[in-house]
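Please open the model in your viewer and display the whole chain.

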Amino acid sequence: CALLVHAAPWRETKSFVLQKDQNVKVLVKSEGRERLLNFRWTLYTDKALVVHENFDRFVGQHMLYASHANQSFRKRLLPPKKSEKDVPYLLVTFKKFDEENKTAQMDLFLIDKENRIVLDYLTEK
């Protein structure tokens, strides 16, 4: 039985500590195109964070739970070149909620094996 050693699957990661309705804006640059990803949280109740996102004219709403299987949402950024496993995507994960400060920590991961994506963070927090 061979032991396979893999590097982290993501190429880039960034953490955000967000107040309610604070918008994160990330410019996704790829293959001569620029598209904007926005996300924000609007409600924290029963240990669930309600997150709204908008990317490439598609909107979504997610219920995320910090220490649970449903703690993230995935955004596919480009179609596959060779195979489905090489598709670049973002993973936005809800890490924890700070009750005292009423802030949510969210982490963004870029999975991009073929280096097809460049991210510009327009929100610095």
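**The whole chain.** Begin with a cartoon view of this predicted model. The secondary structure comprises 9 strands and 0 helices.

**The C-alpha atoms.** Next, select the C-alpha atoms alone. Along the principal axes, they fill a box of roughly 45 × 45 × 25 Å. How does the radius of gyration compare with that of a compact globule? For 125 residues, such a globule would have a value near 14 Å, and the protein has 15 Å, which agrees.

**The surface.** Now display the accessible surface, which comes to about 7800 Å². Carbon and sulfur atoms account for 51% of this area. Of the 125 residues, 42% are buried.

**The contacts.** Consider next the contacts between residues at least 6 apart in sequence: 46% of them join residues at least 24 apart.

**Residue S30.** Finally, select residues 24-30, which form strand 2 and include S30. Is S30 buried or exposed? S30 counts as buried because its relative accessible area is 5%, under the 20% cut-off. Which residues does S30 touch, leaving aside those up to four places away in sequence? Select R35, L78, R116 and I117 to display these partners of S30.

Note on methods. Residues numbered from 1 in each chain as written. Predicted model: local features only at pLDDT ≥ 70, side-chain atom pairs only at ≥ 80, totals over all residues. Heavy atoms only, no water. Helix = DSSP H or I, 4+ residues; strand = E, 2+ residues; numbered from the N terminus. Rg over C-alpha atoms; globule rule 2.2 N^0.38 Å. Buried < 20%, exposed > 50% of the residue type's maximum accessible area, 1.4 Å probe, protein only. Contact = heavy atoms within 4.5 Å. Areas by Shrake-Rupley, 256 points an atom, 1.4 Å probe, with all protein chains shown as cover.
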